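Biologist: Before we discuss this model, I would like to ask on what grounds its descriptions rest. Could you put it up for us?

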Amino acid sequence: MNPGLDGPLTNALVGTRRYFTRSEVSDDNRSIHAKGGRAGDAFYRDRWSHDKVVRSTHGVNCTGSCSWKVYVKDGIITWEAQQTDYPSTGADRPEYEPRGCPRGAAFSWYTYSPTRVRFPYVRGVLLEMFRNARRAVGGDPVLAWASIVQDPDQARRYKSARGKGGLVRSTWEEVVDIIAAAHVYTVKRWGPDRIAGFSPIPAMSPVSYASGARFLELIGAPMLSFYDWYADLPNASPQMFGDQTDVPESGDWWDAGYLIMWGSNVPLTRTPDAHWMTEARYRGQKVVAVSPDYAENVKFADEWVAAAPGTDGALAMSMGHVILKEFFVDQQVDFFTRYNQHYTDLPFLVALEPDTTDAGAADDGGGAAYRPGKYVVAGDLDIPESTSENAMWKPAVLDARTGDVAIPNGSIGFRYGEEGWGRWNLDLGDIDPLLTVHGTATGTARVVLPRFDALDGKVSHVSRGVPVRRLGGRLVTTVLDLMLAQYGVRREGMPGTWPTGYDDPSTPATPAWQEEITSVPAEQVVRLAREWAENAIDTGGRGMILMGAGTNHWFHSDQIYRAMLVLTSITGCQGRNGGGWAHYVGQEKIRPIMGFQHMAFALDWHRPPRHMNQTAYWYVNTSQYRYDTFTADDVDAGTGVFTGKGVMDLLAQSVRLGWTPSYPTFNRSSLVLADEADAAGMAPADYVVDQLTTGALRFAVEDPEAEENHPRILSLWRANLLGSSAKGNEYFLKHLLGTDNAVTAAQAPPDQRPTGIEWPDDVPEGKLDLLMTIDFRMTSSTLFSDVVLPAATWYEKHDINTTDMHPFVHSFNPAIAPPWQSKTDWEAWKAVAKRFSELAVDHLGTRRDVVAKPLWHDTPEAMATVHGVVRDWRTGEVEPVPGRTLPVLVVAERDYTAVFDKMTSIGPLMETVGMLTKGVPYDVDREVEILRHRNGVAHGGAGDGQPRLQTDIHVADAILHLSGTTNGHLATHGFKNVEKRTGTPLHDLAAEHEGKQITFADTQVAPVPVITSPEWSGSESGGRRYAPFTINIERLKPFHTLTGRQQFYLDHDWILGMGEALPVYRPPLNMTELFGETALGEQNALGVSVRYLTPHNKWSIHSEYQDNLFMLSLSRGGQSIWLSDVDAEKIGVRDNDWVEAVNRNGVVAARAIVSHRMPEGTVYMHHAQDRLIDVPLTETHGRRGGIHNSLTRIMMKPSHIIGGYAQLAYFFNYIGPTGNNRDEVTMIRRRSNQDVEY
Amino acid sequence: MSTFLWVIFPYICLALFVGGHVWRYRYDKFGWTTRSSQLYEDRLLRIGSPLFHFGMLGVVLGHVMGLVVPQAATDAVGLSRSAYHTIALVGGIPAGIAAVAGLAILVYRRRTTGPVFSATTTNDKVMYLVLGSVIVLGIWNTIAGSVFHFGGEYNYRDGVSPWFRSIFALDPQPELMAQAPFGFQAHAFLAFLLFAMWPFTRLVHVFSAPLGYLTRPYLVYRSRDERPGATSGSRPPRRGWERPELQRK
């Protein structure tokens, strides 16, 4: 019996239909089957129909690197959808696809956004001045520019107009004239290193990056670094690994047995990869989330570890305490022992120095006190190797077999020089290194160790005993022995102060001790530490820690990371699939790094390039150093290593010793220096040394406010400095740009100033003559710029894209031609280069340029500072020798009239000198010849007969041909070169792909997986997932460190002086002590004082997408600050009320998002919300509220500018002072007037 | 003047009415919609809409009775003048009040509910003006004229109705309207103006009232119609190397 429809009437009515239709009505009257009548389908078919689908991706530094289908209909970009044609990851494993997040899915909206920059714009007052000046000088734009910037009144007029509107439409011809003229003038008058370019993150679009970089490097202008500036750079990585951010692909999370997300909110920041973390749980993986707030990733975790912000180091130390005690002292685990013998510095010998302070006297009375000192090296001892090559660079161990000292292969001493061929490897041979001296000791020694866990951050000390032997007249012990002391793991017979157990909170680093700091229950710490270690044993090291900005953006993040990396390295997890660290921040991994570097920095025409650390650049050039009451003493451990020196003094010292780059370098043009040397009949390097030692020539950093040392031109592209990354944003506006700002801080009083720096009372404002931005949307950067160029978007150009997260190379392709008057970055910079070259004929010609370069990592220059002992030629402690105790000085001959020709062709150095990357040489004659045929050959000009780089595809193909990751032949060739040094087989890793060349055309068809190459430390051979350092572990290739192993110990003078030789807990900076900010939690008329953190937004990628209508609709539609319900109650704030946050650096006006997910005492302002949408005038000063970085300031840590000492040596984006910003605090209050004005 | 008002003008409007609907159906099928605002606001709508629509049904029925059916016919079946009058008022006044009240609620709702007002086009507003005026005049005519006999007694079935029928008989008699009271003239004029506008407004939904729903089963399956020409919508099939993925080859 059919149930029929509800109600007999309905049933009867509907039942009649069958008599009036040809269609078939079902027996139960519920359905009718009609044929046709689907004309209405045209509605959605029309909506979906399109004319073409183009593959492209997004170049936004999100690390997603997702390939997208872009749909075009009637010549309009309509929408995008995720590509699903990624190569398979193999059996028994989920796939990568589909990849793409809500932000990316909204990108097509930008194509026709109302704030899209469609035409070239110039600040109106400047344009008027320029046109008048041009007429007045008779047409030469260089002279016109000169007349403007040399006139203080005119200069002030247009500089003070920055950010106040008045951008006027111009033509490409005119703006290119202005830009080229300004560059020519600056090179001529001040020298090329007064110009700088900033474009971050090559991986997201290397051809676009290279566009401006290549031009600037050809004229001798520095490119500013980004990794350190963004505070994403973990200094612990170079310190410990000698490598920078080599991390697993997300597919490798699947392989881990234990996964900790520690400072990385994966679902939010790795949206397309997060599925691996959720899927791996079904394999039995345990997931732990360490986070101060109930973040998105917490709900996926098996356990939430709610550590207070910035205290992660204490948490990691105490986990280390448990692991060291239970798996290194109470028992020895074979797996751990063997791993540490081979791959870490635990067995290496450290000499103890007598403690000359009275810190040790206080504790434990009686007995001499010692401090950890330097590694014992062959040259210190009375052994045959002491006279070998690089003997001072070959650290020693104790051999259990002989009971005596031994020098294992693989340290940096074997990496360079003739004797080292075939010996730079981790093969211990017959050596059986003792991890500890305990058991063969001849005595004990009381070592004074620093602790910084006092609330004011000031150092105190604890004495702990270590077993010692006597060697070469000194007491020595192993790194493990020092670690056990540092971590408070007691052993039988050791003197000193030790905790009584895990529950003793009085001394580091017990679980009870950390509980008082982090509020994480001791019990949880003990349990997780045991699980972690046991998992490592059971799975053979498949324990992985995902890390990120949450733990890396602090002043002392290097210490936080070192403590975390102890956990992964001592348990043998590093260098395995499914194990080790996984630091994810920006899109750092430009996989074809070799080809990219050589093309982007014009290394085919000139070497070396100028690379500048951006943090130091702005610390100096936005005059933030003048407000720094934070002295170097604040970071030392009471050792007096920095007495009398400010941070700026240390920076100046680092510069003159050749450790860190500095541009502008000298207080005279580098071109003029070359001319003067020629006139004096001296070699330029000798001339410079002479001038420096007599004081006739000084470094610019010693007198930054002098006009000859000012930066003059800054170009931004693919970047939003003033709306996003500018720590101390208000200081930029004041000193660099010379316009309205919200700085209220006072400059440092006389007793807190650096001693070696010129300190004029009047500080100039508006140092920069020209700020130029290329972008496709209006941002704070474009609004403050003097010249704005319209850029093509990611759907309108050719480029490539790679990421840390997966091993594929994607292409960008144009779905439409750049609309309105926009141009691709490559075309825009070519236009500038062309005009520059034309103007250079009359104004520059060919000049010689003295390039100062710091001592580089991965080169013999890094063996400049024996034992890390700092000796300064300025005080006569050592001779001034370029490339040893002074920067490297090289003369480049620059034909400025040929810049365009050089930019658009590959230079001869590729064939005459070859390529060198991470210490590995490559012969690329074959590749250059292939490119001649592929790209065609330039005819005439400086690049005659050379392969062309005319189009963006030419550049992309050049990059792909010149990197082992995309050129199997080159990878195999590179490995063969490495084999000569290591003496171990390596080239089979790339041999399976030896004949393969990935071209740009290949990437247009589908995502292409890369090839294992010496450029990176992990192997993808055989289709395995990428994990870093697998080559090191499996093929015994050394780490690029002093010992050749992963280093827990650092013995440079400055680091010893700072008490950071070993991992140690350093709390967040005490802003009250240092800068007089109101103490956390205190309340007054300005509101309540809270910790101010700036994590990632859900509805934007930095400032990108924040102004996209879809994202605005999904979020609050403007700037917002998250605070806890508890704090909101204190200041009477309800959700969505307007609040103001004020500190000494600036003011922010935003809406409050009140949530119980937030911990008390902490607010989040998601970074880079920019200040263009819905940002009102503030109550505090009546001007528009600032960006998130208006409340922050640059703080430099001295250990990050060490150089010339093995892995502590400079390279671009490898090491450097960071733009850390999480130690900041702010007052936050409810606005009394909730009716805001704009 | 009266020729224009009562002969030329009505024919123009009717022509627009017919031609307009043909054009609309041919070229704007997807726009043949009332653009319902039920999702934005449904409480007031629940009252106002049925009130208005059922009221209008009654009004239309009454107009058929009064305009289309000749007085002679009702006389012939024995319906006295006064009986007709009673029926007309007893039926018409409630219908009219319902229509007016419903319209008032709907217009109030449309004006004061933010999203609903934002979704209202100028076309809608003009249509509302004309429609409202017609209805208000109509009820005025009924109350003032037929109830209170303002301006003296007037039997529209002697004047307006025959004029109305004369238009369709193609033998127009303008003088009948010329003599009618102003209220009826205005009502008629605006009504024809409404007819002229009709096919270009949302009122077309009247002719797509879903009567079929009364007998339609709940689930309607439509298979593809392979007959040639059957699947054409407003776009011809595209050629080209790049076919949209969803289209079967």
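Modeller: This is a predicted model, and in chain B, among contacts between residues at least 6 apart in sequence, 83% join residues at least 24 apart.

Biologist: What makes chain B more spread out than a compact globule?

Modeller: Chain B, whose elements are nine helices and one strand, has a radius of gyration of 23 Å, which is well over the 18 Å that the globule rule gives for 249 residues, and therefore it counts as more spread out than a compact globule. The C-alpha trace of chain B spans about 75 × 45 × 35 Å along its principal axes, and buried residues make up 19% of the 249 residues in the chain.

Biologist: Why is strand 20 of chain A called mostly covered?

Modeller: A residue is called buried if 20 or more other C-beta atoms lie within 10 Å of its own, and five of the five residues in strand 20 (residues 543-547) of chain A are buried, so the strand is described as mostly covered. Both of its faces are covered, with Gly543(A), Ile545(A) and Met547(A) buried on one side and Met544(A) and Leu546(A) buried on the other.

Biologist: How do you know that strand 20 of chain A pairs with strand 10 and with strand 21 of chain A?

Modeller: Pairing requires at least two bridges between the strands; strand 10 (residues 258-262) and strand 20 of chain A share five bridges in the parallel sense, while strand 20 and strand 21 (residues 580-583) of chain A share four, also in the parallel sense, so both count as pairs. Met544(A) is the bridge partner of Leu259(A), and Met544(A) also stands opposite Gly580(A) in strand 21 of chain A.

Definitions and conventions
Residues are numbered from 1 along each chain as its sequence is written. Chains are lettered from A and ligands numbered from 1 in the order in which they are written. This is a predicted model: local features need pLDDT of at least 70, side-chain atom pairs count only at pLDDT 80 or more; totals for chains, interfaces and linings use all residues. Helices (H or I, at least four residues) and strands (E, at least two) are DSSP runs, numbered from the N terminus. The radius of gyration is taken over C-alpha atoms; the globule rule is 2.2 Å times the number of residues to the power 0.38. A residue is buried if 20 or more other C-beta atoms lie within 10 Å of its own, exposed if 12 or fewer, and partly exposed in between; C-beta atoms are placed from the backbone. Two residues are in contact if their C-beta atoms, placed from the backbone, lie within 7 Å.
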